[in-house]
Amino acid sequence: MANINGSALFPLADHYATPEQQVDSGKLGMWLFLTTEILLFGGLFVSYACFNYLHMDVFKEAHKYLDWRLGAVNTVVLLFSSLTVVLAIHAAQKQKKYLIVINIALTIACGIAFMAVKYVEYSHKFHAGLLPGSYFTNATIANPDQAHIYFGIYFLMTGLHGFHVLIGIGIFVWLLLRTIKNDFSSQYYAPLELGGLYWHLVDVIWIFLFPLLYLIS
Amino acid sequence: MENLNELLKMIVPREWLFSVMPLPSSTHANDLDLLYWFLIITCGILFLLVVVPLFLIVVRYRRKTVHQRAESQKDHNFWMESLWTFLPFVYLAILFMWGFLQYLGMYVAPHDALELRVIGQKWQWSVDYPKEEISVAGVGATIAIPINRPVRLVMSSQDVIHSFFIPNMRVKQDVVPGRYTTLWFEPNQLGEFPVLCAEYCGDLHSNMLAKVQVMTDDAYKNWVEEQKSQNQNVPLPELGEKLYTKLGCVACHSTDGSIKLAPSFKGIYGKMEELTSGASMKIDDNYIRNKLLTPTKHTAKGYPQIMPSFQGRVSERDISGIVEFIKSLSGKQAIEGG
Amino acid sequence: MSAISAHAGTNYLNEKKGIWSWASTLDHKRIGVMYLFSIFFFFLIGGVFALLLRTQLLSPAGSLIDAKTYNQLFTLHGAVMVFLVIVPGIAASLGNFVLPLQLGAKDVAFPRLNLMSYYIYVTGSIFAVCSIIFGAIDTGWTFYAPYSISAQGKVTLMLTAIFILGFSSIFTGLNFITTVHKLRAPGMTWFRMPLFVWGIYATSILQVMATPVLAITLALIVVERTLSVGIFNPALGGDAVLFQHFFWFYSHPAVYIMILPGMAVISELVTTFSQKKIFGYKMIAYSSIAIALISFLVWGHHMFTSGQSPLVNMLFSALTFLVAIPSGIKIFNWLATLFKGSISLATPMLYCLSFLFLFTIGGLTGVFLGTLSVDIHLHDTYFVVAHFHYVMVGGTFMAFIGGVYYWWPKMFGKMYSEKLGILGALLVFLGFNMTFFVQFYMGSQGMPRRYYNYLEQFQTLHQVSTFGSYLLGVGFLVVLINWIHALVKGAPAPANPFHATTLEWTHTQSPPITHNFEVQPVVHHEPYEYGDEPHSIHGFQGLKA
């Protein structure tokens, strides 16, 4: 009965009446999920705001120990990956499989590049002892008494964000495999759209993190 | 409000008035009990307004036969619904204003209040009398205060959050590590009243008790003398003076008004100080505390930020001592100036 | 209609058999039933903790257990009851079962996610049980910093459990919101939805919006304990009160996550058992949404004594009074619904009337606590404990039991015993009032909460409270026996034993078939049309013959 309305190419779940209903539900669900993600990061943004207000001098001083050029590189990388996601969806609409594959592969590559840059940044901080809380051992920084809080918040925010990037990479690997298996068509590419929405959110959060952490003035 | 108070005393027998809440023993308590009784009576009426009709309706419209139909299917009445939206609003607005104004009165302490410093730690209260230069501490410690005189407590915690609660005085205030909180009250009953910890603080939370002993002025003076003669603890200002040299404050801060690398302590307490950030702040307990623990936060204009942090090196009592010491260097000037 | 008779005998319970068919089910009804049993299992555990606590308080010095054990027990009682019982409570069990049926849908929007939510709940509860077994915590269910940062016990494990449970809650809420938006039957406009759906919808909004903040807050405590970041730890330059802001930003809306589904059940019970159209449908629907939205702005009333500025206290006090108004509106609307109805005193209705009585007390004592100066005295005393239990047990839990009784015939196709039902309801009502009413008085007298021993003057009152709790325990046992008895020996239930008007009663059998409806229901009228003729519109009545 379900397939009366749905085309053969569209895997319609049997509790939905029409493909539109299924796709719309998926999108609404994803938007709600993104809302919860924003609120999850919201807690950290509020902590950031509180401590930035309480220890403004410390934050100004400590942020100099981040390399804003690496942050900027990562911003560009993520922005570019958002573009490739959009292109992948566009290719799906046009039913051009090789373009979908190329664009998803580029997105994954960008994700990995982002994490690689993060790895460089993190290892520098580990060597310099710029670590959260009681692990903070850096002696060169002026006013070290509260600097550990800045690095605590830095690691929490970028760590949680990096974790989301890793999950995003996983999602796109899965989407790549499904594309290769010819699961998607111009009729049905909802998972691509949903994965794309998630990736855009990860991107947007970074766009807030970058100036807050790297460009304090 | 006095009239209302009298009226209430006529409606509610006196022994009742004092039986629901513990014996009122401060000026707060008298005001607060009036509001409390207003709440009990009005909420009681509201409760009856719901429950009596509920009971009558259930009795009157109970289904007697299996096929009995509802007498009416009326499902709205604009005026009724507006009424029970609007009237609660008015009632709650009154309560809000009353409660808030009373709270403000409980918040702002009179200037002539006797000031005590309270430190909470697992699981005892210690109280310092800076002026009298005595201190009491320990489980079940007796905190003596004179009757009919406002008392202001400046409190901080050594470890976790506690809450200083005297039911008879109707005051309660959380005692938080890392900051000062205050409360005040004016006792108007002689006697001994329990002090409890109201914020869960671990194993012996329910044993963290002390008592407030409200005395006549003469008895209080005698008590102070008695304590002085037997008190082994160093009084706060003296402790502060010792730390002033021990911690090295003396290198940058003078006590005679001369300028070294930092502002002199003389007369600084209570002053508005201009900061490097352009803002200005009053030098008070919290300012001194922050300066000791997180010196980079604020720096006085015209001075370099060279002060180290004393985080972890000073105890709560030490901080209180330093504050009292700085205060003692300003006491005279403040009075002459004002 | 003949198609329905052809399937007689097949339903969602017996179509597939075996444990695996349950463990792998995507059917919202089976998932709802699994939630129901899990939640009542943890309710029993939490209840045993409570009885131990009350027994300890029989004498002022208390000799049953030591202080440490007492502190662990009240922590576990709170954590289990809040995070494993009442927060999932009605929404996850009854909501899962009833919501799609009332909407005329075949399932929730994301059945796989729904099953996953259940398994997340199970995983979280396993973590919680492990933390209880391997090192019970004594932080209080509120986990106040800095105490929770330095406390002994498996605090991290318990925090992880609650973190996981939070995601179960988020996904359930997300699922319900999408279901309500996208899967309503043809003709089911927003204002033709039953009020139960409105209540669950409002709850879901809260779950989705508030729970992530709890998740990150608890995660921060875990980070504090492992890395000493210093955000909540004053010894490292952090702020202890910031934790309370974060915590209550979730946990106050959470109170409404708990009570809104209760109100949702009551709206159904009131109209069905008086056979009268609900009074002020739109007011009740809007008030649910109003409560959901305002509840985000009142968290600070838990912190009137924390040392926040008087201006902030004033704001939160005003907003707190504001959130009381929609609750009041509901009470009066329910009363007006009963007026001139045909009131049946069946067991579900007894719980509904208990709710109206107890929730009124709970709500009015909330007014005491919203009044700034009075709260200063009552804060953190037994008054708050009593208020909280009047709202959560007297409100939510009465509605929960009433709702389970009400939907029991639909869930299992069996009728419960009315006699046992009435006995249980009376015992629960009496036991509850005996346990908690005296606590208002103790609180006024200044008895602080979380005390394992106390001043002698309170002994009589504590004893009354303890014996009340035993009575309450017996009452709950009677309820449990009645349900088990109904499962084993209950008479077969007709499709619509209470002559209700919503789709789950009028358009499908008891218990429903796996796909809920033989024919897609089409809705032509508002949810509570009882008509002029006796049961004239209950089309399904004819099917019994």
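Biologist: In chain B, among contacts between residues at least 6 apart in sequence, what percentage join residues at least 24 apart?

Modeller: The share is 65% for chain B of this predicted model. Two residues are in contact here if their C-beta atoms, placed from the backbone, lie within 7 Å.

Biologist: What radius of gyration does chain B have, and what would a compact globule of 338 residues have?

Modeller: A compact globule of 338 residues would have a value near 20 Å, whereas chain B has 27 Å. The C-alpha trace of chain B spans about 95 × 50 × 45 Å along its principal axes. Of the 338 residues of chain B, 37% count as buried.

Biologist: Which way do strands S6 and S9 of chain B run, and how many bridges join them?

Modeller: Strand S6 (residues 162–166) and strand S9 (residues 191–197) of chain B run antiparallel and are joined by two bridges. B:Phe165 has B:Leu196 in S9(B) as its bridge partner.

Biologist: How many residues of chain A are in contact with chain B?

Modeller: Seven residues of chain A are in contact with five residues of chain B. On the chain A side, helix H2 (56–63) and helix H5 (144–180) are the elements that give two or more residues. By class, that side has two nonpolar, three polar and two charged residues.

Note on methods. Residues are numbered from 1 along each chain as its sequence is written. Chains are lettered from A and ligands numbered from 1 in the order in which they are written. This is a predicted model: local features need pLDDT of at least 70, side-chain atom pairs count only at pLDDT 80 or more; totals for chains, interfaces and linings use all residues. Two strands pair if DSSP finds at least two bridges between them. Helices (H or I, at least four residues) and strands (E, at least two) are DSSP runs, numbered from the N terminus. Ala, Val, Leu, Ile, Met, Phe, Trp, Tyr, Cys and Pro count as nonpolar, Asp, Glu, Lys and Arg as charged, and the others, Gly among them, as polar. The radius of gyration is taken over C-alpha atoms; the globule rule is 2.2 Å times the number of residues to the power 0.38. A residue is buried if 20 or more other C-beta atoms lie within 10 Å of its own, exposed if 12 or fewer, and partly exposed in between; C-beta atoms are placed from the backbone.
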